[in-house]
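Please open the structure in the viewer and keep the selection tool at hand. The stops below are intended to be visited in order.

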Amino acid sequence: MYYINDMARPISNLEITPDEERELRRRIASPSVSKRDHIRAEIVLLRGCGIRQVDVAAKLGISIPMVNKWSQRFDREGIKGLEDAPGRGRKESIPAEVVNRVITEATTPPRPMKRWSNRTMADHVGISADSVNRIWRANDIKPHIIKTFKISNDPAFEEKFWDIIGLYLSPPDKALVLCCDEKSQCQALDRTQLALPLGAGGYRKTKTHDYTRHGTITLFAALNYLDGKIIHRTEERHTHVEWLRFLKQIDRETPKKLDIHLIVDNYGTHKEENVRKWLGRHPRFKLHFTPTSSSWMNLVERFFADITDECIREGSFSSVRELVRDIELYMAQRNLNPKRYVWKASGEAILRKIDGARAKLAEVKNGA
């Protein structure tokens with residue numbers, strides 16, 4: 001129990017129960033609580049610790065009458081006293097049924113439309129586009145954002161899932177865990193004109209909409225899960241021949257006394273007969289296959305996203321050789337200061353999300 005004891009004049013005790021204190025601290029820590037409610041909770045906690053009104057006002061940058069008002073409201077009504085009185089604030093001018101339509105119909109535009117915009121939804125329900133925007137923002141609805149997903153139908157999904165999660169969360173001793181894959185179709189695109197310099201107040205990069213294609217290459221990469229360094233090579237193609245060359249490179253560039261655990265997908269070249277024969281002669285290589293349609297489990301995909309954004313996609317290359325040169329430079333600089341991708345999510349939490357997605361997908365199929 002906490003008491004206020006301002007000097008000079010006696011006031012009634014401000015009592016805060018343990019449950020009330022937990023709720024006040026939750027409001028202060030929560031990012032989803034409004035600034036208004038955050039400040040009111042801070043006022044009460046500070047006053048409950050015996051801090052004077054003038055000092056609370058100075059600490060929070062607010063007025064003394066404001067501190068006094070919410071201290072008295074809490075003293076009389078507890079947590080409920082920190083809420084605005086009924087009837088205060090601007091009256092809602094949009095009928096509740098219209099607001100409900102803007103929310104519930106956000107993902108179901110009429111055929112042949114595939115998604116709403118602010119303006120088309122506004123025309124549909126008879127309010128302004130700004131009002132639609134405010135309603136969607138208040139409810140965290142973003143019809144313009146689409147996330148890609150695919151649920152694996154691999155019958156051995158959980159077995160493969162836990163095999164790879166185990167490598168991430170508890171890497172084996174005296175071994176390397178390498179996340180491997182190939183990024184095919186890396187294009188050497190040559191923009192037809194140079195980018196324009198930023199003008200005064202400019203903040204956007206520019207590039208021409210057209211380009212000349214000079215060819216493609218495949219980037220093979222093996223991400224060391226323990227230190228973030230990458231073994232790589234570039235090839236013109238990505239058949240089992242190139243994959244086997246990459247395995248031999250990994251064999252040359254890693255300590256012979258260590259086992260090599262490779263996390264790979266189910267691409268046919270990874271299982272080709274000559275590859276399997278070579279792996280049989282090199283028993284320190286142990287392959288772990290991700291479940292089908294589950295490339296998100298292979299952390300090398302995170303690296304491919306980085307090199308695409310930072311080196312390949314925005315570049316203009318006059319030849320494949322120039323593209324390869326820039327990739328080599330990027331890799332050399334990155335391995336000097338390697339970036340680790342650490343797996344943090346628990347397997348149980350991931351499976352719960354997958355089960356939830358499967359349930360939603362079943363609902364969609366049943367309703368179709």
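This is a predicted model: local features need pLDDT of at least 70, side-chain atom pairs count only at pLDDT 80 or more; totals for chains, interfaces and linings use all residues.

**Helix pair.** Select residues 35–48, helix α2, together with residues 53–60, helix α3. Their axes lie 10 Å apart and form an angle of about 140°, and the crossing is right-handed. To display the contact, show Ile39, Glu42, Ile43, Leu46 and Arg47 on the α2 side, and Gln53, Val56, Lys59 and Leu60 on the α3 side. This contact comprises five nonpolar, one polar and three charged residues.

**Strands.** Next, select strand β1 (residues 175–191) and strand β2 (residues 211–224), which are joined in the antiparallel sense by 11 bridges. Within this pairing, Leu189 has Arg213 of β2 as its bridge partner. Five residues separate the strands in the hairpin of β2 and β3, where Gly228 adopts a positive phi near 85°.

**Nonpolar cores.** Which residues touch the most other members of the largest nonpolar core? Among its 36 residues, they are Tyr168, Leu299, Phe303, Ile307, Leu323 and Ile327. At least two residues of this core come from each of α8 (157–169), β1, β2, α11 (300–312), α12 (320–336) and α13 (347–367). Centre the view on Phe303: leaving aside residues up to four places away in sequence, Phe303 touches Leu219, Ala221, Ile230, Tyr330, Met331, Arg334 and Tyr341. Finally, select Leu247, Leu258, Ile260 and Leu262, which are among the 19 residues of a second, separate core.

Notes:
Residues are numbered from 1 along each chain as its sequence is written. Side-chain values use heavy atoms; hydrogens and water are left out. Axes are lines fitted to C-alpha atoms, for helices over the stretch in contact, and angles run from 0 to 180 degrees between N-to-C directions. Helices (H or I, at least four residues) and strands (E, at least two) are DSSP runs, numbered from the N terminus. A crossing is left-handed if the near helix is turned anticlockwise from the far one by less than a right angle, and right-handed if clockwise. Contact means heavy atoms within 4.5 Å. Ala, Val, Leu, Ile, Met, Phe, Trp, Tyr, Cys and Pro count as nonpolar, Asp, Glu, Lys and Arg as charged, and the others, Gly among them, as polar. Two strands pair if DSSP finds at least two bridges between them. A nonpolar core is a set of buried Ala, Val, Leu, Ile, Met, Phe, Trp, Tyr and Cys residues joined through side-chain atoms within 4.5 Å. Buried means under 20% relative accessible area, exposed over 50%, partly exposed in between (1.4 Å probe, protein chains only).
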